[in-house]
Amino acid sequence: MSDLYYQSAAELARLLEKGEISARQLMQSVIDRTHSVEEKIHAFLRFDPDEALVEAEKSDQRRAAGKSLGSLDGIPIGLKDLICVSGQGLTCGSRILENYVSPYDATCAARLKERGAILWGRLNMDEFAMGSSTENSAFQTTCNPWNTECIPGGSSGGSTAAVAAGETIAALGSDTGGSIRQPASLCGVVGLKPSYGLVSRYGLAAFASSLDQIGPITRTVEDSALILQAIAGHDARDSTSFKAHIPDYQAALKAPPRRWKLGLPREYFAEGLDPEIRQAVEKAVDFYKNEGCEIVEISLPHTELALPVYYILAPAEASSNLARYDGVRYTHRSERAEDHVDLYFKSRGEGFGQEVKRRIILGAYVLSSGYYDAYYLRAQKIRTLIRNDFMDAFKKVDALITPVSPTAAFKIGERLDDPLSMYLSDIYTLSINLAGLPAISVPCGFTSKKLPVGVQIIGQPFKEAEMLSIANLYDSTHRFGMEHPEL
Amino acid sequence: MSEETSIDIDYVATLARIELTDEEREQFSSQLEDILDYFERIKAVDVAGIEPTAHAFPIYNVWEEDVPEPGLSPDEALLNAPEQRGNQIVVPKVVEDA
């Protein structure tokens, strides 16, 4: 058996269940691995091996007493540093929250704890999830395990790098415009963004509330289903939580394969797509064709408007959401303030990094008097058109297949001075958030420079079971997420 | 660069209550001009009669029974307060001297 820290969660659950390994053994393996590679990766902002081992021993005791909490009992899962865990720090990758301690659990964290998962560490991210490279963290730059001179993607780059490097078995991230799927693709792991409203946002530090969703980052599609099962479902504490029936996702994976009808949106294979990425994605499409699926070319005519629409709506929501960081009730408070208004200006000026300031300013501008109709309201109307494009497509096909990112991981520093080129990294992912759809990034091979490539399966609203089943058809026979970088 | 997309960075920073350094002010002005130029393409779209989307799945008026539930204790609620006194948060003086 290869090293425990590189096994899938589902396989580890089987080994734990059979008593072939203990949770303590598994946790120790992950801790040792983290100690040996973390200085090259910088995925974690904080972790506590002693506390994790205590939790692992409790898990072993439960299992010995016949009181196992299920298949996640004893599995280490890392959290992006914007999900509240009572008594633990939460920075959102920002100086403004450097000393913040969460007074309560996020619903998704509570649900993982109830199932015995070990919450393992706090993972690096772009400040307030604004970025596509994790370079906007105020604390450290995370490196891509496949090439440590490259970015891991973002904003959940700490989460995806940790899973890829064997520093955790799985992780949770958040996705507002691609922040789970793009870094998953760039690090060669599986990243799932659920339908808007499927997973509670209670205890998730808000970036753009109408777009944010929490989702799993794993090595296999099977693991993605396992963790989604634990965190999905209605929560009265999130007023946008949807009362959807939650099916058995793992059972869906075991159902006999169907001849799916899959759409290829031609706008996603147009200019700007790196030829090596195109080749890898087309190979995955060929696989589906050979499995008897029908492949249909379709059109999503408003695709080119998604980027401007997203970069109007998300900063507008952010400028409103981040108004709470004012130096009054919590967060960094400036010592230079002369009066209470000055306190806001200086605390925010000192506490926020450049990208966050840039987006708050942009958001305040598009919402300001005289520009609201031209930008914000118009963008909301085009959002309707973008969503309608998808709904029309789903009259003809079960799901869509696209690339995740137009390029593989780029070099650290390469796009830092050009925000617009950084924003283009999310061109294939952000429409999905605007339309509220589920989508999953599945590893589908490597470039000639041995950098991972992902393929995106976009599902219909609240049809995660179908989407996972389609994704698993490919993943269960390829398992690129189980290949490991040399570290 | 068109006249209508010029951005008064000081005015917007004041709206957002953010202090900017001179360097940031200069850098953001040119970057935001580029971004706003990119936004121009949305103006050509015919949106007549199209309803705006605020949330992908409209959920309106979520009501809950008004039942008391345990909340945070004062100590927990003040856990992160930069400065506190007598279970209250201290802020700089808001009222002007007479």
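Trainee: Which residues form one aromatic cluster?
Mentor: A:Tyr100, A:Phe128, A:Tyr325, A:Tyr330 and A:Phe352 form it. This is a predicted model, in which local features need pLDDT of at least 70, side-chain atom pairs count only at pLDDT 80 or more, and totals for chains, interfaces and linings use all residues. Residues are numbered from 1 along each chain as its sequence is written, chains are lettered from A, and side-chain values use heavy atoms, without hydrogens and water.

Trainee: How many aromatic pairs are there over all chains?
Mentor: The count is 26. Rings of Phe, Tyr and Trp (its six-membered ring) pair if their centres lie within 6.5 Å; planes under 30 degrees apart are stacked, over 60 edge-to-face, and the rest tilted.
Mentor: One of them is the tilted pair of A:Trp146 and A:Phe446, with 4.8 Å centre to centre and 55° between the planes.

Trainee: Where do A:Trp146 and A:Phe446 lie?
Mentor: A:Trp146 is in the loop between β3 (118–123) and α5 (157–165) of chain A, and A:Phe446 is in strand β10 (residues 439–446) of chain A, so the pair ties together parts 300 residues apart in sequence. Helices (H or I, at least four residues) and strands (E, at least two) are DSSP runs, numbered from the N terminus.

Trainee: Is A:Trp146 buried or exposed?
Mentor: A:Trp146 is buried, at 13% relative accessibility; the cut-offs are under 20% relative accessible area for buried and over 50% for exposed, with partly exposed in between (1.4 Å probe, protein chains only).

Trainee: Which charged end sits over the ring of A:Phe446?
Mentor: That of A:Lys450, 3.9 Å from the ring centre. The criterion is NZ of Lys or CZ of Arg within 6 Å of the ring centre and within 35 degrees of the ring normal.
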